[in-house]
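Here is a short briefing to read with the model open beside you. Take your time, and look for each feature as it comes up.

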Amino acid sequence: MHRHPRRYFLKLLAGMTVLAATRGSWAAEAKRVEIRFAAGKPVGADVIRLTQGDTVTFEWQSDTAMDLHLHGYDLEVRLQPGKPVTTPFQAHASGRFPLTSHGAGHGHAALLYIEVHPD
Ligand SMILES: [Cu+2]
């Protein structure tokens, strides 16, 4: 069987370059947004404003266990006390999206809103 090691190597190299570029641009452009809760309530702003097209890393933290749900984007985040969680977020759709808690005793009222404003 005749193989083409050189062609294979070039393909591999191309694949690695794409991966490196993707990771690099995420790290460079991602905006870090901290979202913290104390006793089930947001610490600080209860409206988080983003611009459509933003690439964001949400950094979640809570002192109680919470099951969070970002409506519209259908992002679910499970938090345990003192264990930060990060989630990548691409703000592709504009609008006002409520973040609710599905845990017992919290009801289903919005804890905060994520607003994605058109660019
Ligand atoms: Cu919900």
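In this predicted model, five strands form an open sheet with mixed pairing, in the order β3-β9-β8-β5-β6. The edges of the sheet are β3 (47-51) and β6 (75-79), and each has a single partner strand, so one side of each is left without a neighbour in the sheet. On average, neighbouring strands of this sheet are turned by 20 degrees against each other, direction ignored.

**Around β5**

- β5 and β6 run antiparallel and are joined by five bridges.
- Two facing pairs to find here are M66 opposite L79 in β6 and L68 opposite V77 in β6.
- The hairpin of β5 and β6 has four residues between the strands, and G72 in this hairpin takes a positive phi near 85 degrees.
- β5 also pairs with β8, again in the antiparallel sense, over three bridges.
- L68 stands opposite S101 in β8, as well as opposite V77 in β6.

**The nonpolar core**

- Which residues make up the largest nonpolar core? There are eleven in all: V56, L68, L70, L79, F89, A91, F97, L99, L112, I114 and V116.
- Two or more residues of this core come from each of β5 (66-70), β8 (95-101) and β9 (110-117).
- β9 gives the largest share, with three residues.
- As background, nonpolar side chains tend to be buried together in soluble globular proteins.

**The whole chain**

- How many helices and strands does the chain have? Its secondary structure comes to one helix and nine strands.
- Read along the sequence, the pattern is α-β-β-β-β-β-β-β-β-β.
- The chain has 119 residues, and buried residues make up 12% of them.
- Of the contacts between residues at least 6 apart in sequence, 62% join residues at least 24 apart.

**Confidence in the model**

- The chain has a mean pLDDT of 83, and 72% of its residues reach 70 or more.
- Where is the pLDDT below 50? Residues 12-20 are such a stretch, and beyond near neighbours in sequence this stretch has zero contacts in the model.

Methods: Residues numbered from 1 in each chain as written. Predicted model: local features only at pLDDT ≥ 70, side-chain atom pairs only at ≥ 80, totals over all residues. Core = buried A, V, L, I, M, F, W, Y, C linked by C-beta atoms within 7 Å. Buried ≥ 20, exposed ≤ 12 C-beta atoms within 10 Å, placed from the backbone. Pairing = 2+ DSSP bridges. Axes fitted to C-alpha atoms, helices over the stretch in contact; angles between N-to-C directions. Contact = placed C-beta atoms within 7 Å. pLDDT = per-residue confidence, 0-100.
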